[in-house]
Amino acid sequence: MQLDTRAAGTPAAPPGRLPRTRAIAVALVSLIAALGAGHLVSAFVGPSASPFVAVENWVRDSSPHPVVEWAKNTFGTADKTVLFIGVTVVILGVTVLAGLLSRTRPTPGLIIAGGQGVVGFVAVLSRPDLGQLGIVAPAVSIVAGLLTFSWLHARAWPAELDREGRRRFLRTGAGVLIGAGAAGVIGQLAGNRVDVEQSRAEVGRLRIASPAPKLPAGADFAGSGSARFITSNRDFYRIDTALTLPRVSAQDWRLRVHGLVDKPVEFTFEEIRGRALIERPVTLTCVSNEVGGGLISTANWIGVPLRDLLMEAGVKPGADQLFSTSVDGFTAGTPVDALLDPNRGAMLAIGMNGEPLPQEHGFPARMVVPGLYGYVSATKWVADMELTTFQDKQAYWIPRGWSAKGPIKTESRIDNPQDGADLPTGRTTIAGVAWAQTIGIRSVEVRVSDNGADEWHQAELSTEVGLDTWRMWRVRVNLRSGSHRIQVRATDKSGYTQTEALADPVPNGATGWHTIEVTAG
């Protein structure tokens, strides 16, 4: 890093004022020293106590609901990357300002650096997953930053350093950078000391007492262009609030069930895997899924009935919410009646598609509750379950504008052809998926509209696997030359036909008929 650029012909700084590059360098190096020290300490008090990570989380959690929705709709699953870039740009901008305001004396820079440190304190204190020791990381960070700023600023003088003075300043700044970098690397390595893949390998093969039924013939219309019935672990959608994936070993994991119960209970991973494991196909859906969107997938989940665990604790009358908490502090509120319904099949899952849960999908354990959007039912890396009431506690997304209970709506999607496709005239296959978890799909209709026709076609349904999974459909239609609008609607087994009225995902899921435009010729 070049700490002082004084090329020939560059105007000298006014007497008694540091050159801009040197003043900015003092501030940037101090920032790096602060972040490196805080990151090192966070490895031992909690990864989310790292000042930069804590500020990212705080910005995410404090952002107004319209901003959050705009980011998700605009950037999709890249929203975390955009957040990282945005926070980085703001912090760097404030730091550069601190340097420029400190060209004559260090006080302005120290005040701004102290303010940045206070933001780090506030961010860490807002984290529900950190204990009292969490504040040690921002405390060390702010002390390291202020001391480094004062020390470097003193060594940046006089303003007109000779060549040897500039070299000495360069060596000093480089030494601080190397030390800060080493602290950050050590902190990262120490924070990653839990080898999740090694823990997954040690779990090994899960012995399933009640395997999922073999998929019947005709369950999959992938050959016609629909999604495959079972989504691979690699392709399964991922939506969560985690900026960094929690690292928890199966050996260290514990699940505590408490609150409005007869007796609090705690389970280890070995106790869970030692039970009679069941395997069931379940389709999960994100409430943020737009009409026709891809935030829906199906897997064979392996675990134990969640109802059994709750019954062991003894749910007291009046408890209507299971308030679940992830190891990273995320919370969800699930209706207790859905969990205690023996026909619902709510599960504490420890496996997915024949193997232990992948890290990004909740290893060591997560919740899977058919028929409810993931934000109220699918807590990953779950570590705590409190029986309480919806009146007494609100989970993460509820104050941000989402409804409390989140039942999944009956919907359908066109997978083939794609919107805007150019197709040959004549007979064409249209295919896709429909879903109405816990209810089941009764029929799917497809409408092809052009200048001379506007009729609904009854689609062929794939063989039904279960009420908790999606169902594929396909239909052959005749396309004349020209432009065509294709729409799909599903009717579930309760007799409800999905509405044409368009609604945004907020507050309880999108509605509307998926519509595409194609051209035949």
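Predicted model: local features only at pLDDT ≥ 70, side-chain atom pairs only at ≥ 80, totals over all residues.
Residues are numbered from 1 along each chain as its sequence is written, and side-chain values use heavy atoms, with hydrogens and water left out. Local features need pLDDT of at least 70 and side-chain atom pairs pLDDT 80 or more, while totals for chains, interfaces and linings use all residues.

Helices (H or I, at least four residues) and strands (E, at least two) are DSSP runs, numbered from the N terminus. Strand 5 pairs with strand 4 (residues 277-285) in the antiparallel sense over 8 bridges; pairing requires at least two DSSP bridges between the strands. Arg-280 stands opposite Trp-301 of strand 5. Strand 5 also pairs with strand 8 (residues 347-352), antiparallel, over 5 bridges. There, Leu-348 in strand 8 is the bridge partner of Val-304.

Asp-415 lies in strand 12 (residues 411-416). Asp-415 counts as buried because its relative accessibility is 12%. Contacts (heavy atoms within 4.5 Å) link Asp-415 to Gly-225, Ser-226, Ala-227, Ala-431, Gly-432 and Val-433, not counting residues up to four places away in sequence.

Val-136 is found in helix 6 (residues 136-155). At 33% relative accessibility, Val-136 counts as partly exposed.

Notes
Buried < 20%, exposed > 50% of the residue type's maximum accessible area, 1.4 Å probe, protein only.
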